[in-house]
Amino acid sequence: TNAAKAVADALAKLIAQGKGADPGAKEAEEALQALQRDAMRINTVPVNLGGDFNGNSERLLQSTKAINAAIAQLLHAARNNPNGLGSAAKTTANTIPELVDAANAAAGSCPVKNVQGQIVNSTKALVGEVGKLIRTSQVASARQGDPDAESSLAASAKAVGNAVKGLVHPVHSGSPGQNEVH
């Protein structure tokens, strides 16, 4: 689909930007390539894959917790352990397949049509922001102590946090008995 392709194309640009970068470059590139593949798996048109929305949404919320934990590792490596950046990038990327699977299941089983689209769009946004954070982490890691690099890293981390919140909100509003917040 066009939207999934746009996310994959944006991730491809991030991959091209980082060719030959320093700390953990090879692993970070592999992580970005994995994100690109995962972005293409996001079902733009939700399909019911089985299960009920409550169970599927709980699985999705658990996957966002795993992403948050991996992001904390990535940020720590970027700021304090450049040699650990590559493995932290891969760990972060390894949380995305479960996120995509859970998002596809939750969107497909969501009883509220417009919330289905919000889950899909929020998942795409989150995957894209994680890719940007991996790239920004590489730069910050290579430029330890640079206030601009640290500022960019903090802004990128905040964007990921906002993307997680942007995904959690529609999941809660799609649950039966919850009032939608506008």
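**View 1. Packing of helices H3 and H7 in a predicted model.** The axes of H3 and H7 lie 10 Å apart and form an angle of about 175°. Axes here are lines fitted to C-alpha atoms, for helices over the stretch in contact, and angles run from 0 to 180 degrees between N-to-C directions. H3 is therefore roughly antiparallel to H7 (angles under 35 degrees count as roughly parallel, over 145 as roughly antiparallel, 65 to 115 as roughly perpendicular and the rest as oblique). Helices (H or I, at least four residues) and strands (E, at least two) are DSSP runs, numbered from the N terminus.

**View 2. Residues in the contact of H3 with H7.** Contact means heavy atoms within 4.5 Å. On the H3 side the residues include Phe 53, Leu 60, Ile 71 and Arg 79; on the H7 side they include Glu 150, Leu 153, Val 164 and His 172. The residues of this contact divide into 14 nonpolar, 4 polar and 2 charged. Ala, Val, Leu, Ile, Met, Phe, Trp, Tyr, Cys and Pro count as nonpolar, Asp, Glu, Lys and Arg as charged, and the others, Gly among them, as polar.

**View 3. The salt bridge of Glu 150 with Arg 79.** The closest N and O atoms of Glu 150 and Arg 79 are 2.9 Å apart. A salt bridge is a side-chain nitrogen of Lys or Arg within 4 Å of a carboxyl oxygen of Asp or Glu. The pair links distant parts of the chain, 71 residues apart: Glu 150 is in H7 (residues 147–173) and Arg 79 in H3 (residues 53–80). Glu 150 is partly exposed at 32% relative accessibility, and Arg 79 is partly exposed at 33%. Buried means under 20% relative accessible area, exposed over 50%, partly exposed in between (1.4 Å probe, protein chains only).

**View 4. The salt bridge of Glu 30 with Lys 90.** The N to O distance in this pair is 2.9 Å. Glu 30 in helix H2 (residues 25–39) and Lys 90 in helix H4 (residues 85–93) are 60 residues apart. Glu 30 is partly exposed at 28% relative accessibility, as is Lys 90 at 32%.

**View 5. The salt bridge of Arg 41 with Asp 38.** The closest N and O atoms are 3.3 Å apart. Arg 41 is partly exposed, with a relative accessible area of 33%, whereas Asp 38 is buried at 8%. The whole structure holds 9 salt bridges.

**Notes on the views.** Residues are numbered from 1 along each chain as its sequence is written, and side-chain values use heavy atoms, with hydrogens and water left out. In this predicted model local features need pLDDT of at least 70 and side-chain atom pairs count only at pLDDT 80 or more, while totals for chains, interfaces and linings use all residues.
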